[in-house]
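Please look over the sequence and the 3D structure before reading this report.

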Amino acid sequence: GLWHPFSLSCSFELSTSTFHFHHRRVFGLRTGAIHFSNMSSALGFSASKARRPSAIHESITQTICNTPIVKLGKLSPPGVNVFCKLEAANPGGSVKDRLALGMIEWAEKNDLLKPGQTVVEASSGNTGIGLATVCAARGYPLVVVMSESFSIERRKLMRFLGAKVVLTNPAHKGTGMVIKAKELADKHGWYWPDQFTNEANAWIHSITTGPEISDAFKAEGKELDHFFTAYGTGGTLKGVGEWLRNNSPGTKIHVCEPNNSPMLYSEIKTTYPPDEKPAKSFEVAHPVWRPHLLQGWAADFIPMLVSKAVDTGYVDQLHHTDGKKAMQVAKDLATKEGIFSGTSGGGVLSSALEFAATLPEGSNVLAMIPDTGERYLSTPLFDDVPADMTEEEKAIAESTPSTPPPPPGLPDVTPEAVAFVDAKCKEKKVLMWSLQYCEFCWTLSKLLDRIGVSYE
């Protein structure tokens, strides 16, 4: 966890939930490196400070952070260096593993979370998966509140990790998820981290993501000219923004939002109750929010962490991303670079590539790629990816004779075996003779279960 691989000397000044951290980092995770042409070489930290990739870890939480940075070889404009920070390398598959660990450890160290206490959080999926990973490792029950509109695989992943998933009406949008999480926390005495306002969300990025980026570029003797990210909860933007302003002031920070939901561009702020927590709701859902294809990018309100980052001056340029273009860039990233990302990563990269085309030669651009494409399988990103063979694939298959393999060796039929089969068939109205792990047999047994037919 954070308190094992990092030695922290912290001073806290509490004023409207603002924390000031002075930290000394002792790296105990994978080395933060830039990788070129998909050929890895450890560049970021000396061997004495970095655990080698083959290290044995005491907990899955120790493998969070220090994700790779990869230089694009084919998609970059000529003469411009475009890099991707691949957060799918976290054990839960996304950047939200960082905030999950940060919020839980912060709550533990400050006696906000008791042993065995249930954690409840509103999430579009990635935070829920990250929290499910951390809570499983730490022994906390978890309830995730998620709008029914988000991808099915996300709720299945959370449940597989032991979490309970409460689905809300899609018409209630992101605000409805937050309201429900608060209701459940108040009703049952559960711990609600509230990722949209929790300063630990930004803090974890200021002591991990930001330093990983600047250390990796410094190790290569490069200056990072431009950093691209979506805003989401605001944790990455505020935490990395703070680090870059203080340690790499020449780096311009670019923020992406959906082009059909330009909330930051509108400059209309979300108004919060005086205690900075929604008792029932925010005063009003954001008036320019519209449904969009970029899951996790923008709920129907501007999170408090985002507002603080904007007000502090951590946004140099705002970009508006088309959802369809984001999907195409995600596909290009997979087929041309071998990097498997979702619509979110495709969106950040599409804006980064469009901007990179305007830059002088030698410029360095970094795009945050938040997660993996596996949690988008049921979304429009995969609509044109068939499950059955295409005509071209059928032609490939038909280009050779498809010689069948030799038949399996079967035992001789004996009178005892025939008598056993006959007896069983007379005992049961529905009897299925099948291979135990045959996929076709699973399909048949699921059908019989679904229609309520008893069988053996």
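## The model

This is a predicted model, in which local features need pLDDT of at least 70, side-chain atom pairs count only at pLDDT 80 or more, and totals for chains, interfaces and linings use all residues. Residues are numbered from 1 along each chain as its sequence is written, and side-chain values use heavy atoms, with hydrogens and water left out.

Helices (H or I, at least four residues) and strands (E, at least two) are DSSP runs, numbered from the N terminus. A residue is called buried under 20% relative accessible area, exposed over 50%, and partly exposed in between (1.4 Å probe, protein chains only).

## Asn198 in its loop

Asn198 sits in the loop that runs between α4 (173–188) and α5 (199–207). Its relative accessibility is 9%, so Asn198 counts as buried.

Leaving aside residues up to four places away in sequence, Asn198 is in contact (heavy atoms within 4.5 Å) with Met103, Trp106, Tyr191, Pro193 and Leu305. A polar atom of the Asn198 side chain lies 3.0 Å from the backbone oxygen of Pro193.

## Helix α11

Helix α11 (residues 343–356) has 14 residues, which at 1.5 Å a residue should span 20 Å. The expected span is 1.5 Å times one less than the number of residues. The end C-alpha atoms of α11 are 19 Å apart, which agrees. Because 13 of its 14 residues are buried, α11 is largely enclosed by the rest of the structure.

## Salt bridges

A salt bridge is a side-chain nitrogen of Lys or Arg within 4 Å of a carboxyl oxygen of Asp or Glu. By this rule there are 17 salt bridges. Lys85, Glu87, Arg98 and Glu212 are linked by them in a network.

Which parts does the pair Glu199 and Lys308 tie together? The two side chains form a salt bridge, with 3.1 Å from N to O. Glu199 lies in helix α5 and Lys308 in helix α9 (residues 304–312), so the pair ties together parts that are 109 residues apart in sequence. Both Glu199 and Lys308 are buried.

## A pair within helix α12

Lys394 and Glu391 also meet in a salt bridge, at 3.5 Å from N to O. They are 3 residues apart in helix α12 (residues 391–398), which means about one helical turn separates them. An α-helix has 3.6 residues a turn, so residues three or four places apart point the same way. Lys394 is partly exposed, with a relative accessible area of 33%, whereas Glu391 is exposed at 61%.

Technical notes
Polar contact = N/O pair within 3.5 Å; in protein donor to acceptor, adjacent residues only side chain to side chain.
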